[in-house]
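Q: I'm new to reading protein models. Could you walk me through a few features, one at a time?

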Amino acid sequence: MRRWVRSVRALMLSALVLGIGMQAAQAQSLTTVTVMIAGFRNVEGVALVTLYDSEQNWLKMPKAVQVVRAPLKGSELRIDFKDVKPGTYALQVVHDENKNNKLDMRWLPYPKPIEGVGVSNDPDNKAGAPKWEAAKFDVGPAPASIKVTVRYVE
């Protein structure tokens, strides 16, 4: 009986050590994505900066991996997304001037944003919402830095 109890204790201790090791490995694989944003036309409202991890969730704010709502103090802003797993991501920045937590649009005669917006890789998007393929970037185990320019459609 004692041999069985010792075996069970040794097995439980091994599982505990293995679990702690796996948690440490997962924590080590998380990184930081730094976003440097330029082009805000004023300091009214806030910046909504959203990080997405899939094309299916792209531009759907409730499905973003992380969302940062930051006050503006000038035409530039730095945001750090911490604890990001390596993978493929895309970013959107909205200058939410009226603080309603969404990108306001004018719909007629054709849809266009009323507020400033930018996405990772600064794709030259002539019409319609920016595409995942144009905005996506890879994050590895090392910290990543992304630049985004906020643009306003006049």
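What follows is a chat about this model, which is predicted.

Q: Let's begin with the overall layout. How many helices and strands does the protein chain have?

A: The protein chain has 2 helices and 10 strands. Reading from the N terminus, the order is α-β-β-β-β-β-β-β-β-α-β-β.

Q: And what share of the residues is buried?

A: Buried means under 20% relative accessible area. Here, buried residues make up 34% of the 154 residues in the protein chain. The accessible surface comes to about 9,900 Å², with 57% of that belonging to carbon and sulfur atoms.

Q: What about contacts between residues at least 6 apart in sequence: what percentage join residues at least 24 apart?

A: That's 72% of those contacts in the protein chain.

Q: Now backbone angles. What should I expect in general?

A: Most residues other than glycine have a negative phi, and most peptide bonds are trans. Now for the cases that stand out here. D83 isn't a glycine, yet its phi is positive, about 60 degrees. N101 isn't a glycine either, and has a positive phi of about 65 degrees.

Q: Where do D83 and N101 lie?

A: D83 is in strand β4, residues 76–84, while N101 is in the loop between β5 and β6. As for accessibility, D83 counts as exposed at 57%, and N101 is partly exposed at 38%.

Q: Which peptide bond is cis?

A: Look at the bond from L108 to P109: it's cis, with omega near 0 degrees. P109 is found in the loop between β6 (105–106) and β7 (112–113).

Q: Next, salt bridges. How do I spot one, and how many does the structure hold?

A: Look for a side-chain nitrogen of Lys or Arg within 4 Å of a carboxyl oxygen of Asp or Glu. The structure holds 3 salt bridges. One of them pairs E97 with R41, whose closest N and O atoms are 2.9 Å apart.

Q: Why does the pair of E97 and R41 tie together parts that are apart in sequence?

A: Because E97 lies in the loop between β5 and β6, and R41 in the loop between β1 and β2, the pair ties together parts 56 residues apart in sequence. E97 is partly exposed at 21%, and R41 is partly exposed at 43%.

Q: What are the distances for R78 with D80 and E133 with K136?

A: For R78 and D80, the closest N and O atoms are 3.3 Å apart. R78 counts as exposed at 52%, whereas D80 is partly exposed at 29%. E133 and K136 meet at 3.2 Å, N to O. E133 counts as exposed at 51%, and K136 is partly exposed at 33%.

Key:
Residues numbered from 1 in each chain as written. Predicted model: local features only at pLDDT ≥ 70, side-chain atom pairs only at ≥ 80, totals over all residues. Heavy atoms only, no water. Helix = DSSP H or I, 4+ residues; strand = E, 2+ residues; numbered from the N terminus. Buried < 20%, exposed > 50% of the residue type's maximum accessible area, 1.4 Å probe, protein only. Contact = heavy atoms within 4.5 Å. Areas by Shrake-Rupley, 256 points an atom, 1.4 Å probe, with all protein chains shown as cover.
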